[in-house]
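Hi,

Here is the structure I promised to pass on. Please open it first; my notes follow below.

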Amino acid sequence: MTSTESSWADHPAAVALAGRHRLRAWEPIPWILALAFYFAFPKYLGFGTELLVTILFAISLDLVLGYAGIVTLGQAAFFGAGAYTVGILAKRGIWNEPITGLLLAAAVAAAIGLGSGLVLLRTGGLTLLMLTLCTMALLEEAANLAHDYTGGFDGLDSLPIARLLGRFEFNPLYPTTQYLYVLAVLFVCFLFVRTLVYSPFGQSLTGIRENTLRMHAVGAPVRRRLVLCYTLSAAIAGIAGGIWAQANAYVNLGTLGLDRAASVLIILVLGGYGRLYGAFVGAVAYMALSHFLSKVYPTAWQLGLGLLLVVIALFARNGILGIAEVAARRLRALRAAP
Amino acid sequence: MTAPLLETRALCRNFGALTAARDIDFRLEAGARHALIGPNGAGKTTFINLLTGVIPPTSGAILLKGHDITSVGQAQRVKLGIARTFQINRLFRRLSVLENVYLAVAERVGAAPSMLRPAGSRRDVIEESMRLLDALKLAAHANRRVWELPYGRQRLVEIAIALGLRPEVLLLDEPAAGVPSAESHIILDAIDGLPKEIGVLIIDHDMDLVFRFAQRITVMVSGTVFATGSPREIGADPNVRAVYLGQATRG
């Protein structure tokens, strides 16, 4: 019944768990593509920058929704908080250095995440969904009312963002600096989230998603973990918002709006949530689809997107990556069988 | 006289006008194999929820090794050594069997809050989880998703998770519930093989199981302790037969 030390390290389950976090051969591909995009499409770097920011924002949502199972519709609250932090500090001439600006954006968004999370995460399900929505709406209305600071409905434009590292200028017409800067920040944030989800902490978040009651019963401080996860996710969303404001040199109420929160949710569902790379695949698919559909049918292109979502919800719960996983598994099974 | 492992004193719990537990005085000794039986609605599950801190009592006290833990929270009670299984599986269904146990062991050894190291680098947690699965004859299934397992094996994972917490008190809520009779021997073997030093409280309807394992039996009826005694005493008690054993033969 008992066995000697280390005799289980070779068991397939132990090998799988011990090596789960290792880099897979295909994982550099999205990064290579992103760099290739920089050289191949210099005219579309503005679009590319927007895409990368969207991916970063979607990753922040994947952490709470895909891994911890917190159903939220208010993620744009943190995006907007980060964007306005950068915007207000720059416009008032208090702080305009980009990198430290992002850290401040992260800190403000995290503080809002912590404060709201402590209250919201006492609830669950639909109540939680509505409360996250309310938090975002409150922030949006507050930004609208605080006209003197936020510019109200007009927002703040021509933000005087300083040169990156004192050398590289953010030129709105030729956003080469923006693209590489956002790519670098996305890479760092992604590495952090990737490390997090494969850690014991990430594993326990998955446990909470799979069975909250049981996590209580194994003695996990469930609420504390959820609030921590929510706060970290808010910080990353804040970085996404801050970098968006820096790249565009403006900020408006749209950063806090339901449109942004909903589209990033659609992106995750499309790409596949709880999968790290779902944000990448979903964002590319969403941007490509909306581009294509709006050309085909400019007045009601969202109808096509809606129909696609219905199909995904009915037949492919795990999104595009889920389909890919099933296909890969079938292929392997075919190869295994002679 | 040394204090019992787990003790309740005049424990009461009301849900509105309904009294789910009334003046329960109960003792569980270290290493005991104790069974709690009673008809449906007798308050057995409420009693478990009180012991584990899921719900607070309306009045009364709960003591672990003589220390009052009545106001101690659920997570802290697990750390103090009280673990439970569930009547209906509460598993991490889409995770592997190993990952299910890993979660419990990681929580116990304090590895779970770690954010910057991979879960797989805690070889000690993996090793202990695998050994536990081996002891329950689940090692061959360790890499399968829990939902793929037959129901009886899923019930074993229930027990494995609880044992991953290295409890001193183990509360088994109907461990064999829903298991087809062809598979039930694996549950019985698992209960047989539980570490001797653990105080085990088994809540069950299955009289074969109860009379096979229990050294003491407590009968609950309508939220109160109706009788406590050895299996022989309980089996011979005409009142118990009248309120409970008579009905139980249906199942």
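In what order do the strands of the open six-stranded sheet in chain B run? The order is E6-E7-E8-E3-E9-E10, and the pairing is mixed. Bear in mind that this is a predicted model.

The edges of that sheet are E6 (82-84) and E10 (224-229) of chain B, each pairing on one side only. From one strand to the next, the twist averages 20°. E6(B) pairs with E7 (residues 169-173) of chain B in the parallel sense, over three bridges. There, B:Ile82 has B:Val169 in E7(B) as its bridge partner.

Chain B also has an open sheet of four strands. Its order is E2-E1-E4-E5, with antiparallel pairing. E2 (18-28) and E5 (67-68) of chain B are the edge strands. Seven bridges join E1 (residues 6-15) of chain B to E2(B), in the antiparallel sense. B:Asn14 sits opposite B:Thr19 of E2(B).

Now look at helix H1 (residues 44-52) of chain B. On the four-stranded sheet, H1 touches E1, E2 and E4 (59-64) of chain B, at about 65° to the direction of E2(B). H1(B) also lies across E3 (33-37), E6, E7, E8 (199-203) and E9 (216-221) of chain B. Its direction there is about 150° to E7(B).

Last, the contact between the chains. Chain B gives 42 residues and chain A gives 35. On the chain B side, helices H2 (74-80), H3 (97-109) and H4 (123-135) are the elements that each give two or more residues. That side divides into 24 nonpolar, five polar and 13 charged residues.

Best wishes

Note on methods. Residues are numbered from 1 along each chain as its sequence is written. Chains are lettered from A and ligands numbered from 1 in the order in which they are written. This is a predicted model: local features need pLDDT of at least 70, side-chain atom pairs count only at pLDDT 80 or more; totals for chains, interfaces and linings use all residues. Two strands pair if DSSP finds at least two bridges between them. Two residues are in contact if their C-beta atoms, placed from the backbone, lie within 7 Å. Axes are lines fitted to C-alpha atoms, for helices over the stretch in contact, and angles run from 0 to 180 degrees between N-to-C directions. Ala, Val, Leu, Ile, Met, Phe, Trp, Tyr, Cys and Pro count as nonpolar, Asp, Glu, Lys and Arg as charged, and the others, Gly among them, as polar.
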